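User: Hi, I have a protein chain open on my screen. Can you walk me through it?
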Amino acid sequence: MLQEWLSADALQTQVLGAPLQAWILVVVTWLVLALVLSLAGRLVISRVDRVAKRLVRRTATSVDDAMVHMLRQTKSYLFAGVALYLAFEVTGMPERLTRYAGRLAIVVLLFQTIQWGSSFISFWVKDYERRKLETDPSSVTSMQALAFIGRLVLYTVVALTALATFGVEITALVASLGIGGIAVALALQNILGDLFASLSIILDKPFVVGDFLDVGGMVGNVEKVGLKTTRLRSLSGEQLIFSNSDLLNSRIRNYKRMQERRIAFQLGIVYNTPADTLERVPTVIREVVESMDQVRFDRCHFKNYGDFSLNFETVYHVLVPDYVVFMDVQQEINLRIFRRFEQEGIAFAYPTQTLYVESSRAGAVNGHP
C-alpha cells in the first residue's frame, strides 16, 4: 500500500497546483529550517541575555534591560513561520503558493511584533513605577495612560498592516471607520468625555496620587486616577469615586499644594475695659504670635464694636502646610493669650445683657406712697 502511494505516478499527483513530491520536499525542508532557526535564535537570545547581565551594572538606563526582556518574549511560531516561507522559496514552489506562504509569515511576524511591543511597554511601565512612585506619583499616572495609548496604536497599526498584506483596501476601510467612529463617539460621548478628562488630568496635573482634595465638601486622599474615574480615600475610611469629567467641572481645593496657611481669628473683650488697656491689646497679641516658631505675624486690629464686646481681629501665617502643626500653634497661641490677659487685667467678653431700670416718682407727686 505504501509502495503504491509512493510510486512515481502518485508522487506526481497535483495538490493545490504542485506535485505531491514537491509538497513532501517542502515539509521536510520546513522542519529542518524551523529546527535550525529555532536553535540559532535561542542561542542568540541566550548570548545576548548573558552579555546584558554583565553590562547591567555599567549602564544607568533601563533601555537595555527592556530590550533584553522584549527578546525573551520571542516565540517559536516566529521561527516556524519564517522557515515555512523559506521552504517554499528554496524548493521552487509555484509563485502563487510562495506568495501565500510569505503573507502567512508576515502575519506571524506581526503577532510576534505585538508580543514584543506589549512586553516592552509593560516592562517600561513597571520599571518606571518602581523608580518614580514615591517621588513623582503624577508621572506614574501619565505613564500608565501613555502605555494604554501606545498599546492601542500598536494593535491598530498591526491590524491594518495585516489587512493590507492580504490585499484589503484599507483606505476605504479607514474612511468607513471614520464615519462609524463619529456614530460611536456620539453614543459613547460620556465615556469619551471621561477619557479625555483623564488625559487632561494627566497632562495638566491639577492633582496627583497622594494629594489631599476637597471636592464640593467631600475630602480625601487621591488613591488612583483611572481612565474613567478618580478614587479618593476619605478621612472616615470609605472610598469616594468621581467620574473624571464631573471632577474637573467641580471646584477642587488641593491642600497638598498649600505652601503656608493664613489664619484669621477674632476675640472680644468687655466694654468696661479702660482705654489705655484697650490700646495695649494689639501689642500683647502681636508679642504672643511672634514668640511662636514657624509663624509669621501679619496684623492685629480693633475691628468693631460688637453687641456685647469690643472685637479684635488677628491674622498670621503658619509657614508649613501641615494641619496638625497649625492646630498645635493655634492652641499654644490661645493659651498664651489667656495667660497674658490675666496678667494685664483684660477680661474676655461673653454674651451678656445689661438691664437698666429707672424708677418713676410720679406716684409720690400725686400723694400716693
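User: Is Thr-277 buried or exposed?
Analyst: Thr-277 is buried, because its relative accessibility is 10%. Buried means under 20% relative accessible area, exposed means over 50%, and partly exposed is in between, with a 1.4 Å probe and protein chains only. This is a predicted model: local features need pLDDT of at least 70, side-chain atom pairs count only at pLDDT 80 or more, and totals for chains, interfaces and linings use all residues. Residues are numbered from 1 along each chain as its sequence is written, and side-chain values use heavy atoms, with hydrogens and water left out.

User: Where does Thr-277 lie?
Analyst: In helix α11. Helices (H or I, at least four residues) and strands (E, at least two) are DSSP runs, numbered from the N terminus.

User: And what is Thr-277 in contact with?
Analyst: Glu-344 and Ile-346, leaving aside neighbours within four places in sequence. Contact means heavy atoms within 4.5 Å.

User: Let's zoom out. How many helices and strands are there in the protein chain?
Analyst: There are 13 helices and 10 strands. The protein chain has 369 residues, and 33% of them are buried.

User: What share of the contacts comes from residues 24 or more positions apart?
Analyst: They account for 62% of the contacts with a separation of 6 or more.

User: What about the accessible surface of the protein chain?
Analyst: It comes to about 23800 Å². Carbon and sulfur atoms hold 61% of that. The areas come from the Shrake-Rupley method with a 1.4 Å probe; for residues, only the protein chains shown count as cover.

User: New topic: aromatic pairs. How many are in the whole structure?
Analyst: The search finds eight. Rings of Phe, Tyr and Trp (its six-membered ring) pair if their centres lie within 6.5 Å. Planes under 30 degrees apart count as stacked, over 60 as edge-to-face, and the rest as tilted.

User: Why is the pair of Tyr-271 and Tyr-305 stacked?
Analyst: Their ring planes are at 20°, with centres 6.4 Å apart, so the pair counts as stacked. The two residues are 34 residues apart, and the pair links distant parts of the chain. Tyr-271 is in the loop between β8 (261-269) and α11 (275-290), while Tyr-305 is in strand β9 (residues 295-305).

User: Are those two tyrosines buried or exposed?
Analyst: Tyr-271 is partly exposed at 41% relative accessibility. Tyr-305 is exposed, with a relative accessible area of 62%.

User: Which residues do ring pairs link into a cluster?
Analyst: Tyr-271, Phe-302, Tyr-305 and Phe-312.

User: Back to strand β9. What does Cys-300 touch?
Analyst: Cys-300 lies in that strand. It touches Pro-282, Ile-285, Glu-313 and Thr-314, not counting residues up to four places away in sequence. Cys-300 is buried, with a relative accessible area of 10%. Its C-alpha atom is 6.9 Å from that of Arg-286, 14 residues apart along the chain.

User: What about the phi of Gln-294?
Analyst: It is positive, about 60°, although Gln-294 is not a glycine. Most residues other than glycine have a negative phi. Gln-294 sits in the loop between α11 and β9. It is partly exposed, with a relative accessible area of 43%.

User: On to pockets. What volume does the second largest pocket have?
Analyst: About 240 Å³. A pocket is found on a 1 Å grid over the protein atoms alone: it is an open set of points where a 1.4 Å probe fits, with protein on both sides within 12 Å along at least five of seven lines. Grid points are joined across faces, edges and corners, and the volume is the space filled by probe spheres set on the points.

User: Which residues line the second largest pocket?
Analyst: Lining residues have an atom within 4 Å of a point. Here they are Gly-210, Asp-211, Phe-212, Asn-221, Leu-235, Tyr-255, Lys-256, Arg-261, Pro-321 and Tyr-323.

User: How far apart in space are Asp-322 and Tyr-255?
Analyst: They are 9.3 Å apart, C-alpha to C-alpha, and 67 residues apart in sequence. Asp-322 lies in the loop between β10 (310-318) and α12 (323-344). Asp-322 is partly exposed, with a relative accessible area of 39%.

User: Last one: where does Val-225 lie?
Analyst: In strand β4 (residues 218-225). Val-225 is buried at 7% relative accessibility.
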